[in-house]
Amino acid sequence: MFDICNEDELIAFGYRIGQALEAGHVLVLTGDLGAGKTTLTKGIAKGLGIDQMIKSPTYTIVREYEGRLPLYHLDVYRIGNDPDSIDLDEFLYGNGVTVIEWGHLLGADFTNDYMEVVIETKDVGRRVSLVPKGKRSNQLKEVISHG
Ligand code: ADP
Ligand code: MG
């Protein structure tokens, strides 16, 4: 569990995640509207060496960026439990990393290895938990937690 005081700290935490990511990693970002899913993704992008501005993919569903690895940034809120409306495999099995806001709406089995990043809103700040599902995500959690 990581306690985050402000937006800059959340971006710094994302940066650490971004540096640890390897091709094929999948992150599911869980948290209420305004919790900081897109803000965390801005940090992840920085950690991947992406200079472009990260914009919320709420209306486009997917945005792609080029860095050390390609970043596929998805927000599946609007397609909810109809994952067939996009070709997820194109991203999950591409050569980049996939970050999915509201990804839990796709169901627990949309892919066999992913890391859920849960962002809870506290009175002041946020609490972030890493919940790995699968071997690769367990290893990723180790790297993020212990460097
Ligand atoms: P989401 O993508 O989860 O809907 P966003 O990242 O778009 O959330 O928005 C988070 C909002 O919360 C931003 O406007 C940000 O300025 C604000 N905020 C306030 N405190 C924090 C904090 N500790 N960490 C992250 N964001 C914060
Ligand atoms: Mg968002």
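Where does Ile61 lie? Select it and take a look: Ile61 sits in the loop between α2 and β3. Keep in mind as you click around that this is a predicted model.

Now check the backbone at this spot. Ile61 has a positive phi of about 75 degrees, even though it isn't a glycine. Most residues other than glycine have a negative phi. Ile61 also counts as buried, because its relative accessibility is 10%, and buried means under 20%.

Next, select Trp102. This residue is in the loop between β5 and β6 (114–121). Trp102 isn't a glycine either, yet its phi is positive, at about 65 degrees. With a relative accessible area of 14%, Trp102 is buried.

Time for the metal. Select the magnesium ion (ligand 2) and show what surrounds it: Thr38 (OG1) and Glu101 (OE) coordinate the ion, at 2.2 Å. These two come from distant parts of the chain, 63 residues apart, with Thr38 in helix α2 (residues 37–47) and Glu101 in strand β5 (residues 97–101). Are they buried or exposed? Thr38 is buried at 18% relative accessible area, and Glu101 is buried at 2%.

Last stop: the surface. Select Glu64, Glu66, Asp87, Asp89 and Glu90, and you'll see a patch of negative charge. The elements that give two or more residues to this patch are β3 (62–66) and α3 (89–92). Now pick out Asp87, which is found in the loop between β4 (70–75) and α3. Asp87 counts as partly exposed because its relative accessibility is 46%, which falls between the 20% limit for buried and the 50% limit for exposed.

Conventions: Residues numbered from 1 in each chain as written. Chains lettered and ligands numbered in written order. Predicted model: local features only at pLDDT ≥ 70, side-chain atom pairs only at ≥ 80, totals over all residues. Heavy atoms only, no water. Patch = residues over 30% accessible without salt bridge, like charges linked within 9 Å, V, L, I, M, F, W, Y side chains within 5 Å. Areas by Shrake-Rupley, 256 points an atom, 1.4 Å probe, with all protein chains shown as cover. Salt bridge = Lys/Arg side-chain N within 4 Å of Asp/Glu carboxyl O. Lys, Arg positive; Asp, Glu negative; His and termini not counted. Charge placed at Lys NZ, Arg CZ, Asp CG, Glu CD. Helix = DSSP H or I, 4+ residues; strand = E, 2+ residues; numbered from the N terminus. Buried < 20%, exposed > 50% of the residue type's maximum accessible area, 1.4 Å probe, protein only. Donors = N, O, S within 2.8 Å, 3.2 Å for Na, K, Ca; no water.
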